[in-house]
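These notebook entries set out what I looked up in the structure, element by element.

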Amino acid sequence: MTEMLPGCHARFVHSDTMTVAHWKIDAGGEIPPHTHPHEQIVNLLEGTFEMRVGDDVFTMAPGDSVIVPGGVEHSALARTDVRCIDVFHPARDDYRI
């Protein structure tokens, strides 16, 4: 896994049209507000994760999913240690490491 931000580690799998990101985020880890053109689906496996998508705030529990439309500002905060899987379409070429 690669540390993408402090406390936020990811492993990426890419196809021609999609990217899947496996995240381990330490409690207190933050994803700052940002946008990208990719549609994203966040799937929480473990922990409590707070996501802001546009003006909406979601407190996620295991089994929850949140859709982030392309171009919409979003951010996140891990309230506990978190494991989640993000799916992006189209592929995130900027994450090809």
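**Entry 1: aspartate 56.** I located aspartate 56 in strand 7, residues 56-60. I took strands (E, at least two residues) as DSSP runs, numbered from the N terminus. I worked on a predicted model, where local features need pLDDT of at least 70, side-chain atom pairs count only at pLDDT 80 or more, and totals for chains, interfaces and linings use all residues. Residues are numbered from 1 along each chain as its sequence is written, and side-chain values use heavy atoms, with hydrogens and water left out.

I then looked up the exposure of aspartate 56: its relative accessible area is 45%, so the residue is partly exposed. The classes I used are buried under 20%, exposed over 50% and partly exposed in between, with a 1.4 Å probe and protein chains only. From aspartate 56 to histidine 74 I read a C-alpha to C-alpha distance of 9.2 Å, at a sequence separation of 18 residues.

Entry 2: I found an open sheet of four strands in the order 4-9-6-7, with antiparallel pairing. Strands count as paired if DSSP finds at least two bridges between them. At the edges I noted strand 4 (30-34) and strand 7, each of which pairs on one side only. The twist from one strand to the next averages 15 degrees; axes are lines fitted to C-alpha atoms, and angles run from 0 to 180 degrees between N-to-C directions. Between strand 4 and strand 9 I recorded three bridges in the antiparallel sense. Glutamate 30 has leucine 77 in strand 9 as its bridge partner.

I followed strand 5 to its two partners. It is joined to strand 10 by seven antiparallel bridges, and isoleucine 41 has valine 87 in strand 10 as its bridge partner. Four bridges, also antiparallel, join strand 5 to strand 8, where asparagine 43 stands opposite serine 65.

**Entry 3: the nonpolar core.** Which residues of the largest nonpolar core touch the most other members? I listed Trp23, Ile25, Phe49, Met51, Met60 and Val82, out of 21 residues. Such a core is a set of buried Ala, Val, Leu, Ile, Met, Phe, Trp, Tyr and Cys residues joined through side-chain atoms within 4.5 Å. Among the strands that each supply at least two core residues are strand 3 (19-25), strand 6 (49-53) and strand 10 (82-89). Beyond its neighbours within four places in sequence, valine 82 is in contact (heavy atoms within 4.5 Å) with residues including Trp23, Ile25, Leu44 and Phe49.

**Entry 4: the largest pocket.** I read a volume of about 290 Å³ for the largest pocket. Of its 20 lining residues, Leu5, Trp23, Ile31, His34 and Tyr95 are the closest to the centre. A pocket is an open set of points on a 1 Å grid over the protein atoms alone, where a 1.4 Å probe fits, with protein on both sides within 12 Å along at least five of seven lines; lining residues have an atom within 4 Å of a point. The volume is the space filled by probe spheres set on the points, which are joined across faces, edges and corners.
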